[in-house]
Amino acid sequence: MAAVPPPVWYLLIAVAALVSGAVLYALARPGGRWGRHLRSRFVLGVPWGTLVVAALVVLFYLVPQDGLTHWFRPLVVPYRAWSYFYPLGILSAGFAHSGPSHLIGNLLGTFTFGVLAEYAWSHFPTGRGSQTFRSLREDPRARIAAFVGATLLAGVFMGAFSLGPVIGFSGVVFAYAGFALVRYPLGVVGLLVGGDLLNLLYRAIRQPTLTTTPGPSFSSPYWAEIAIQGHAIGFFLGVVLGAFVLARRREGASPALVWVAALLFAVDRGLWAVYTFGEGGSFVLYRAAGVALLFLVAALVASGAGATARDLIASIDLSRREAALGLLVATLVALSVVAVPYNLLAIADGGSGLDDATGVQAGDYTVYYAEDVPDRFVTAFDVPGVQTSNVTASGAIVVSEQRNIWWEEVSKRRLAFDGTRRIRVGGPTYRRTVVVNRTGWSVVGGGRAYRVRLRVDGEPWRLAYRSERARADPTVAGRNVSIGPLPDRPDDPNAFAVNVTRAGEQLGRAPVPANGTRIEVGGLRISREQRALYVSRNGTRVQVARRENYN
């Protein structure tokens, strides 16, 4: 069957959406009511603040992150929130993104929850007796600017008080959702489904058809990709701001609806995924504790949104609303301050911890390749009751003492699958690309011998790592064959040697022959056919190794 060209699928989606919309219009017959509702809250019915915020986020991706010239590989490393000793990362992390999918996902969240939050805020004063343009607080232009300004401050807040080297606008999206939820809980629930629809529509346009087969996965579990603490403080920041605005306006929603919406939102957005780092690159998920927290979150948000001004403790003139708002603020502060001691850590203090490794210099960064070394980022986070001292890293590691960065950028498993990866480092004034390359042989029996090389922007290769010899299982004439990387010739990706031993005594050693050639080593004939290496003697011929094949 011939493949259907993508434009046909795009046309199909557009026609189906138009037909569905026409049916909805015929059934609902809004008669301009929707437009009047939007114009009652937005200037000309347009969410200008959300559009300005989205434009700024895209602009940051295109210019500082160099997305204009490297759309799929933006500059990421310098814009993470590494620590308070690196202000650029703190200020920029809330607006930077790791790639186009990350960016598009957060833009979709902005255009859903951000619009509803801006509607709840309103371009026009909502109080009884208020008039537009009578004062600065009632000026729509000032109110739009306040929405944009609050969003920018929230982005910086995310970078300053999120745990770990976070990146992305998702914390602000969670703040939008929290702000909107306390006023329009059913709207937030509807947008959860609407957001999934927009995401599905984006993926359908990007890949109208998809054929896939099972393959290796090199990513962490999906719940370990969630910056739960950063998302939680974003959500509570929005709830606190929304609850204060509603209290001032004397507005509110049904506490029962707020409770249900908060619970469904927390479940859908993974706020139950409480986890820590384990040994050997593993993660520990505390699912039961996370689920219990969901119900506490729902109760806390509902109480903050629905508490009345009635006295709770008359003797100290404390109202229920004041107590609920105080509890929300205390929760936000507690979630935020937990990140302060970690963001004050100088992770790279005292050197990289990779003194025996060979690296390449790229500006103020050094990129190394190392295996089974203590992870200086994770081990710096000594959480009581959680052992992190045995967590190790294996792969290409980016270090910058000036920026307080120590980060495994490409894992050993990822490099073994791809063969070559590019790491972009730099800052606002310069860019560098470090190429990480692996070549190797897989011997019969499962062992591997490989070399890893590094190169900066077309400079000469440097040999960064070489494994031990790998010995094949087959024995020919009492002899064993092993393959090992040579310690020199970094410009030559084929610098491997065949070693022949008997009873532990080396009988011969020679470079792996070129394709279609053969050599004599230690009484054995070694021949190469394409990617396979064979050993023969007296009519016995067996395969002992195969060149690694990369994706």
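How many bridges pair strand 7 with strand 8, and in which sense? Strand 7 (residues 392-400) pairs with strand 8 in the antiparallel sense, over 6 bridges.

## Basis of the description

This is a predicted model, in which local features need pLDDT of at least 70 and side-chain atom pairs count only at pLDDT 80 or more, while totals for chains, interfaces and linings use all residues. Residues are numbered from 1 along each chain as its sequence is written, and side-chain values use heavy atoms, with hydrogens and water left out.

## The chain as a whole

The protein chain contains 14 helices and 20 strands. These elements are DSSP runs numbered from the N terminus, helices being H or I with at least four residues and strands being E with at least two. Of the 551 residues in the protein chain, 45% are buried. A residue is called buried under 20% relative accessible area, exposed over 50%, and partly exposed in between, with a 1.4 Å probe and protein chains only.

Contact means heavy atoms within 4.5 Å. Among contacts in the protein chain between residues at least 6 apart in sequence, 61% join residues at least 24 apart.

Strands of a sheet pair through backbone hydrogen bonds, either parallel or antiparallel. Here, two strands are taken to pair if DSSP finds at least two bridges between them. An open sheet is formed by 4 strands in the order 5-6-7-8, with antiparallel pairing. Its edges are strand 5 (359-362) and strand 8 (405-411); each has a single partner strand, so one side of each is left without a neighbour in the sheet. Direction ignored, neighbouring strands of this sheet are turned by 35° against each other on average.

## Strand 10 and its partners

Strand 10 (residues 431-443) is largely enclosed by the rest of the structure, because 10 of its 13 residues are buried. Strand 9 (residues 420-426) pairs with strand 10 in the antiparallel sense over 7 bridges, and a hairpin of 4 residues joins the two. Within this pairing, Arg422 has Val435 of strand 10 as its bridge partner. Val435 also stands opposite Arg455 in strand 11.

Strand 11 (residues 448-456) runs antiparallel to strand 10 and is joined to it by 9 bridges. The two form a hairpin with 4 residues between them, and Gly445 in the turn has a positive phi of about 115°.

A further partner of strand 10 is strand 20 (residues 540-547), paired in the antiparallel sense over 3 bridges. Here Trp441 stands opposite Arg547, and Val443 stands opposite Ala545. Strand 20 is also joined by 6 bridges to strand 19 (residues 532-537), and these two run antiparallel. Ala532 stands opposite Arg546 in strand 20. The hairpin of strand 19 and strand 20 has 2 residues between the strands, and Asn538 in the turn has a positive phi of about 50°.

## Helix 9 and helix 12

Two packed helices are described by the angle between their axes and the distance between the axes. Axes are lines fitted to C-alpha atoms, for helices over the stretch in contact, and angles run from 0 to 180 degrees between N-to-C directions. Helix 9 (residues 228-249) packs against helix 12 (residues 320-337) at an angle of about 155°, with the axes 9 Å apart. The two helices are therefore roughly antiparallel to each other. Angles under 35 degrees count as roughly parallel, over 145 as roughly antiparallel, 65 to 115 as roughly perpendicular and the rest as oblique.

The crossing of helix 9 with helix 12 is left-handed. A crossing is left-handed if the near helix is turned anticlockwise from the far one by less than a right angle, and right-handed if clockwise. Residues of helix 9 in the contact include Phe236, Val240 and Phe244, and those of helix 12 include Leu325, Val329 and Leu332. By class, the residues of this contact are 14 nonpolar, 3 polar and 1 charged. Ala, Val, Leu, Ile, Met, Phe, Trp, Tyr, Cys and Pro count as nonpolar, Asp, Glu, Lys and Arg as charged, and the others, Gly among them, as polar.

## Helix 3 and helix 6

The axes of helix 3 (residues 48-62) and helix 6 (residues 140-161) come within 8 Å and cross at roughly 40°. That makes helix 3 oblique to helix 6. Their crossing is right-handed. Among the residues in contact are Trp48, Val52 and Leu56 of helix 3 and Ile144, Phe147 and Leu152 of helix 6. This contact of helix 3 with helix 6 has 8 nonpolar, 3 polar and no charged residues.
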